[in-house]
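Please take a moment to look at the sequence and the structure before I go through selected features.

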Amino acid sequence: MAATVGFGQSALLALVPVISGATGLDAPAIGAIGFLGALAFLAAAPAWGYREGGLRSRFRLLAWLMVGAQLVFLGVLSAGSMPAMLAFALLAGSRILYSAAAAGVMPQAQAAIVRMSSPEKRHAALARLSAGLSVGRVLGPLVTLPGAAGLLPSLAVMTVMPLALLAGPDIAPAERQQERQVERAPSRWDVARAILPLLGVGFALTLGLGQIQITLGLFVQARFGLDAHAAARWSGVTFMLVAAAMIAVQLALVPRLRGGLVGSLRIGLIVFALGSATAGLAPSAFVVMLGAMIAGGGIALATPAYTAWLVGRIAPQEQAAAAGWLASVHVLGQGGGALSGGLAFALSPLAPFLICAGLGAAIALALAYIEPPRDHREAP
């Protein structure tokens, strides 16, 4: 179910040339549509975390909202010629609705995993959730493969994919705390303050990831004298291998770690820093690829660790809200990474990678100043 979110995000990116050809919209217009969708995701993720009701009913609502948005998207691309402003308005509305609905999937799924899993298995369960998101991002570009058969197969897959959410388990809302605690339920701002240090960790890591993503192709081109097409191929293959490495780490390695949440997070941060430095100082494009995979593996180690640490700091009924805040922080981090990475690259092609290495090392040191998590082998 988490894969539906990653699938929808990456499938749209893969279809950008098709969207442009079908509607006549140029790159800035399509970029504006993506930006509006990101804003909708940013605003909606925390809001979904405060929605009351059973999990199945929430997923059912999210599924039909996402399908409805995709039907509008399909209609625009299948309708043939129409005024550019109308196409822009319909596509923007579709993306805003889809992103606002997709923003609710991960918070609700994360909260469900917290309630369904025992504390000692929660770290691994959250890693599998992150792996599901990554799998969707890998599968998304595959919708462009049936190009010889026309656009319809790709759009049909994108439209029906959210129906996987209808398989959501029926879990009742988390019970309120004991009577002494129920007099004043924590506000969303109380929750945000309780998890602020770990939100900062998530922001910094996704900021670093965003910098690498936006500058990797440009770096390979400038460092090794490749032409634009060769650099694009190198970066595309690298991103695919990074995604595969992250999935492998989260499915195979994280469940076997026994060092505790702080230890797992610190190792992940150090690995991220080493991978970033390796990529930046690499003597060949192959070593850049290896360094990026190492950095991705570090993020794959760190993400479920700080997520599990985060959920241990708040009451059960606030898990979905906290997950919503974390999802928004991740979007902000990647957007900020794209912006700051471009600016850093303008100063020096090496700068984004050194910044990422410094971020990983600095956060690893700063963990000593964050309140340690309760032993995740104990019931919360």
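L163 sits in the loop that runs between α8 (152–160) and α9 (179–182). Please bear in mind throughout that this is a predicted model. Is L163 buried, exposed or partly exposed? Its relative accessibility is 31%, and L163 therefore counts as partly exposed. L163 also belongs to a nonpolar patch on the surface, together with W64, V160 and L166. The accessible area of these residues together is about 360 Å².

I turn now to the packing of two helices. Helix α7, residues 119–139, packs with helix α14, residues 285–311, at an angle of about 125°. The axes of the two helices are 9 Å apart. Angles of 65 to 115 degrees count as roughly perpendicular and those over 145 as roughly antiparallel, so α7 is described as oblique to α14. As for handedness, α7 and α14 make a right-handed crossing.

The next topic is charge pairing. In general, side chains of opposite charge can pair when their charged atoms come close. How many salt bridges does the structure hold? The structure holds 1 salt bridge. The partners are the side chains of R313 and E371, with a distance of 3.9 Å from N to O. R313 lies in the loop between α14 and α15 (319–347), whereas E371 lies in the segment after α16 (351–366), so the pair ties together parts that are 58 residues apart in sequence. With regard to accessibility, R313 is partly exposed, at a relative accessible area of 26%. E371, for its part, is exposed, at a relative accessible area of 54%.

A109 is placed in helix α6, which covers residues 105–116. The relative accessible area of A109 is 13%; buried means under 20%, so A109 is buried. Which residue is 211 residues apart from A109 along the chain, with the C-alpha atoms separated by 8.1 Å? That residue is A320.

The second case is G280, found in helix α13, residues 260–280. G280 is buried as well, with a relative accessible area of 1%. Between the C-alpha atoms of G280 and P352 the separation is 8.2 Å, while along the chain these residues are 72 residues apart.

Thank you for your attention; I would be glad to take questions.

Definitions and conventions:
Residues are numbered from 1 along each chain as its sequence is written. This is a predicted model: local features need pLDDT of at least 70, side-chain atom pairs count only at pLDDT 80 or more; totals for chains, interfaces and linings use all residues. Side-chain values use heavy atoms; hydrogens and water are left out. Patches are made of residues with over 30% relative accessible area and no salt bridge: like charges are joined within 9 Å, nonpolar side chains (Val, Leu, Ile, Met, Phe, Trp, Tyr) within 5 Å. Accessible areas come from the Shrake-Rupley method with a 1.4 Å probe; for residues, only the protein chains shown count as cover. A salt bridge is a side-chain nitrogen of Lys or Arg within 4 Å of a carboxyl oxygen of Asp or Glu. Helices (H or I, at least four residues) and strands (E, at least two) are DSSP runs, numbered from the N terminus. Buried means under 20% relative accessible area, exposed over 50%, partly exposed in between (1.4 Å probe, protein chains only). Axes are lines fitted to C-alpha atoms, for helices over the stretch in contact, and angles run from 0 to 180 degrees between N-to-C directions. Angles under 35 degrees count as roughly parallel, over 145 as roughly antiparallel, 65 to 115 as roughly perpendicular and the rest as oblique. A crossing is left-handed if the near helix is turned anticlockwise from the far one by less than a right angle, and right-handed if clockwise.
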